[in-house]
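Open the model in your viewer and keep the selection tool ready. The stops below go from one selection to the next.

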Amino acid sequence: MSIWWSLHLRREAASVPLARRLLLGTMETAGVDPDISYDLSVALTEACANAVEHGGALAHGAATEAYRVTAYLDGEKCRIEVADGGPGFPTGRVRTPLRPARADDEHGRGLCLIQELADHVRFDNEPGRGGAVVSFDKVLKWRADAPLMAV
């Protein structure tokens with residue numbers, strides 16, 4: 001079984017729950033275990049929120065109004081990628097493991113949370129175009145009654 005979809009979303013807060021609901025609906029329909037679906041949906045929410053907040057102002061002054069979310073459910077794995085058109089990560093690639101935010105910080109938990117919820121995470125910049133790319137994978141577990149379970 002293989003399912004994939006891609007969304008081109010405006011950099012607005014209202015786009016984040018839309019992406020999350022589409023992912024949850026896809027996984028529920030396919031028969032993915034609800035705990036796995038929840039972990040991936042929280043990670044997706046964090047990645048989208050970062051794209052909305054940080055993914056707009058390019059280094060040369062222009063602003064981008066959109067970001068892209070792509071999800072692949074392929075066999076035993078789900079891969080999600082969120083790419084924006086902003087300035088990207090300052091050093092080109094975020095080194096892992098990340099340092100968790102302090103308990104009293106209001107920001108800075110998203111990337112660490114993504115790392116905790118996914119099996120494999122990559123934080124990088126879009127080659128040749130700028131913009132951050134956050135991609136993460138998780139091995140899927142299936143409900144016993146899964147209609148589209150991988151064989």
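Helices (H or I, at least four residues) and strands (E, at least two) are DSSP runs, numbered from the N terminus. Residues are numbered from 1 along each chain as its sequence is written, and side-chain values use heavy atoms, with hydrogens and water left out. This is a predicted model, in which local features need pLDDT of at least 70 and side-chain atom pairs count only at pLDDT 80 or more, while totals for chains, interfaces and linings use all residues.

Start with H1 and H2. Select helix H1, residues 15-30, and then helix H2, residues 34-54. The axes of H1 and H2 come within 9 Å and cross at roughly 155 degrees; axes are lines fitted to C-alpha atoms, for helices over the stretch in contact, and angles run from 0 to 180 degrees between N-to-C directions. H1 and H2 are therefore roughly antiparallel (an angle over 145 degrees). Their crossing is right-handed, meaning that the near helix is turned clockwise from the far one by less than a right angle.

Show the side chains where H1 meets H2. Contact means heavy atoms within 4.5 Å. Among the residues that make this contact are Leu-23, Leu-24 and Met-27 of H1 and Leu-40, Leu-44 and Val-52 of H2. By class, the contact of H1 with H2 has twelve nonpolar, four polar and one charged residues. Ala, Val, Leu, Ile, Met, Phe, Trp, Tyr, Cys and Pro count as nonpolar, Asp, Glu, Lys and Arg as charged, and the others, Gly among them, as polar.

Asp-39, Val-42, Ala-43, Glu-46, Ala-47 and Asn-50 in H2 meet Gly-110, Leu-111, Leu-113, Ile-114 and Leu-117 in H3. This contact has seven nonpolar, two polar and two charged residues.

Which element gives the most to the lining of the largest pocket? H2 does, with four residues. Select Asn-50, His-54, Asp-84, Phe-89 and Ala-132, the closest to the pocket centre of the 16 residues that line the largest pocket. The lining divides into ten nonpolar, five polar and one charged.

Notes:
1 Å grid on protein atoms, 1.4 Å probe; cavity = no way out; pocket = protein on both sides within 12 Å on 5 of 7 lines; lining within 4 Å. Parallel < 35°, antiparallel > 145°, perpendicular 65-115°, else oblique.
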